Amino acid sequence: MIEYSKEVLENGLTLIHHYDKTTPFVVVNTLYKVGAKHEDENRTGFAHLFEHLMFSGSKHFTNFDKPLQEAGGENNAFTCNDYTNYYDTVPSVNIEIPMCLEADRMVNLNINKKSLAIQRKVVCEEFKENYINQPYSNVWHILREMVYEKHPYKWPTIGKELKHVEDASLEEVQAFYDKYYHPNNAILVLAGNIEKEKASELAGTYFGELKGSPVEQKIFEEPEQISSKQKTVFEDVPLNAIYIAFKMCDRLHPDYYVADVTSDILSDGNSSRLHQRLVKEEKAFVEIDAYITSSDEIGMFVIEGKIADHFDVQKASILIWQELEKLKNEKVIETELQKCKNKMLTYMNFSEASLLNRAVSLAYYELLGDANLINKEEENYDAVNSERIQRFAQKTFTEEKSNTLFYLKKNGAM
Amino acid sequence: MTIPKIHEIDKISFPNPEKISLKNEVLLFGFNGTKNDILRIDIVFNSGHWTEPAKLIAETTAKLFKSGTTTLSSFELSEQIDSYGSTIKASAGYNTFTVSLYCMNRFLEPSLRLLTTCLKEIIFPENEIELLQNNTISKLKISLEKNDYLADVAFKKAVYGEMHPYGYETTEEVIKNISQSLLQQFYKSDLQPQNCTLFIAGKYADSELYLIDKYLGNWSQEPGVKNIENKTIETMCSQLKNIHIKKEKSVQASIIIGKEFFNKHHEDYPAFVLLNTIFGGYFGSRLMSNIREEKGLTYGIYSSISTLKHNGVFSIQTDTNLENLDVCLREIYLETERLQYELITPKEIKLARNYLLGKFLGRTDGPFNQIEVFKSYFIENVAINKFEEFVEIIKHTDALSLQRLAQKYFIKDSMYEIIVG
């Protein structure tokens, strides 16, 4: 159980407080409800580029990092398709330092030509380092584009192409900031060694006066898939690989938990089905994994594997399908299900030991609609049963709803 | 609006662990106090690359740590462990072999029973070895396509030599040489109670300690197995300082610059940690400010000192666009020279020092952080009270001593320069 309290400031900023007096630290976590899905299809990568620019200094503080570091703190941020999250950890005596810095950059960011020029280059290097210069690194560009027809999930947060980032202009970046960075579009979590009254008071002092502004809520649509899609690419890679992806429900749908447990039955741990049958018994794959993307809206259920040398690619694909058919035709037995639930529970218990994890999660669940969802997770996973898994499998794993990517080595035969 | 007053961190104290001797005289150190009822147990053996009978044997033993007993197949063993939601994993370090258990307390007893089985009864079946060999060779092919992997391999080989336990490279040939008898030999000689120490963290009471003693305290030394001797192994570093590996179709080059270094036992260690922080150890460092934030040449650049039981290593690592390679190298060396010729301002020292003190404070925060620090000091044979001593030295290191350290250690000719791209 993670205890917290919530209040909404007059300007619309949501404040969540979580008290832990056992730590000498406080985490200030600011989540903005803007991610890659809010970008224009011809100008992608902006939310992430923007995350870099948030460290360029603001009206009252020319440098963001230095005061925080001088206060014994650390900070970083990440961008995903749905939101952008900034977090600062400082010794609790210095709580006011991140508060004033975060408040100032929420409305007074100093976006300038120089920092834009530099961060464009930095992000281009990041793009090359992680999405070009590594084997299999362009998979997500291909797969997202295949799976989603209309939804902006069809591009990754780094951006569709380098050029979009290279061409980003000062006006566009400024417009992005003006549109999305407002107190009423943010969730502030204060977690750690700070009492509730103090948290509330400091939030009022630093954030209370900032002006809110209406933010347009976009609704994204995605048609139901009616026929199977297949694609084959040839690249300079040492092993053939296969990716099979299906669209699935959104994050708040009860089936989300069913999907998560199903992916664990398939591939979590050495005793999981795909590992046992396809890696160890059939020796068809060198490694194989099944997982879900935890996106707010229509997610993906993905099975990916690196195929063993000399093993036939089509045959490898058939083997995966046999395992999916088994989920549709036979009920999962109770012990197998309980095993996955126990593993999930252990994972959640260990993850909660970290103050930062608790702070980030509280912000995330509040974004989903209610921070208290964090305390309902165990119940939600526990409600998964074999009937629901079977129904989910029957509904999701069908030929016509599948997207298959064969990622093959050059000069290799299918 | 001005920045509020910054409070300096004045005192950082590292808590003493609970120290218990099990029935078989195995020592246990514990940090108690998480909110949830969970426990992590690390059994650390004086072992690893340093004592293995042939290359890669320690790592392979770790990977096959649940490969089956005479009565349980690998699948059955894994399934039983998984059924409690517990994780048992083994890992091989340069000077250690660690077996870890993560579990919820209500499943501690069956988890300990299975852990003991893994410690005493694994038989390394031939078919498991063969499958692992094939898959490791396949995965190696993927690693060999990565510039940062190749740079790391070349760097370690240059610093320590390819026969040294810290420096050897994994090759197809090395993988093929793994055999059942070598694995059994290592398992039998190294994974013995007299050769290990226990570290636990999480939430525990007498009932948990009782169970640990019941299972691990009744574990007795195999008759006739001698204790591991601490042998000396010399490094055989490369004469060639500049190694450039060409890689077709790269868009970026991976760079590692560095050398063999001292460990925590050296008197210069704490002050050098501060110097390294200023040079390339955090986001506000000279390397990061100049090469990323001023020039946009890279996504990230860091320098680090990592300490091992017998020595340490200092290195600078980054990736950059091929056309910027020369500028990037020039700027890295320029930054090492600036530290040798110009005194660092008190303001910059204060910034890095405070940041570093925050990091040290973080290492005392909660049982899981505490156990990590305590374990690493223990493995490197450094008394834990050194932790607080290091903090004091870092607080009082001045510009002049930092300059002297830079002059002593940042000599370009002493560094290896590895470029892959």
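**Exercise 1.** Which residues does A:A103 touch, not counting residues up to four places away in sequence?

*Solution.* The model is predicted: local features need pLDDT of at least 70, side-chain atom pairs count only at pLDDT 80 or more, and totals for chains, interfaces and linings use all residues. Residues are numbered from 1 along each chain as its sequence is written, with chains lettered from A and ligands numbered from 1 in the order in which they are written.
- Apply the contact rule: C-beta atoms, placed from the backbone, lie within 7 Å.
- The partners of A:A103 are A:Y206, A:F207 and A:L210.

**Exercise 2.** Is A:A103 buried or exposed?

*Solution.* 
- Helices here are DSSP runs of H or I, at least four residues, numbered from the N terminus.
- Recall the cut-offs: buried means 20 or more other C-beta atoms within 10 Å, exposed means 12 or fewer, partly exposed is in between.
- A:A103 is buried because it has 25 C-beta neighbours inside 10 Å.

**Exercise 3.** How many residues does the contact take from chain A and from chain B?

*Solution.* 
- Chain A gives 54 residues and chain B gives 55 residues.
- On the chain A side, α2 (65–70), α3, α4 (113–131), α10 (273–281) and α12 (334–351) each give two or more residues.
- α12(A) gives the most, with eight residues.

**Exercise 4.** Which residues have the most contacts inside the largest nonpolar core?

*Solution.* 
- Define the core: buried Ala, Val, Leu, Ile, Met, Phe, Trp, Tyr and Cys residues joined through C-beta atoms within 7 Å.
- The largest has 72 residues, and A:V26, A:L188, A:V189, A:L190, A:L362 and A:A363 have the most contacts inside it.
- Among the residues that A:V26 touches are A:V90, A:I95 and A:L190.

Key
Contact = placed C-beta atoms within 7 Å.
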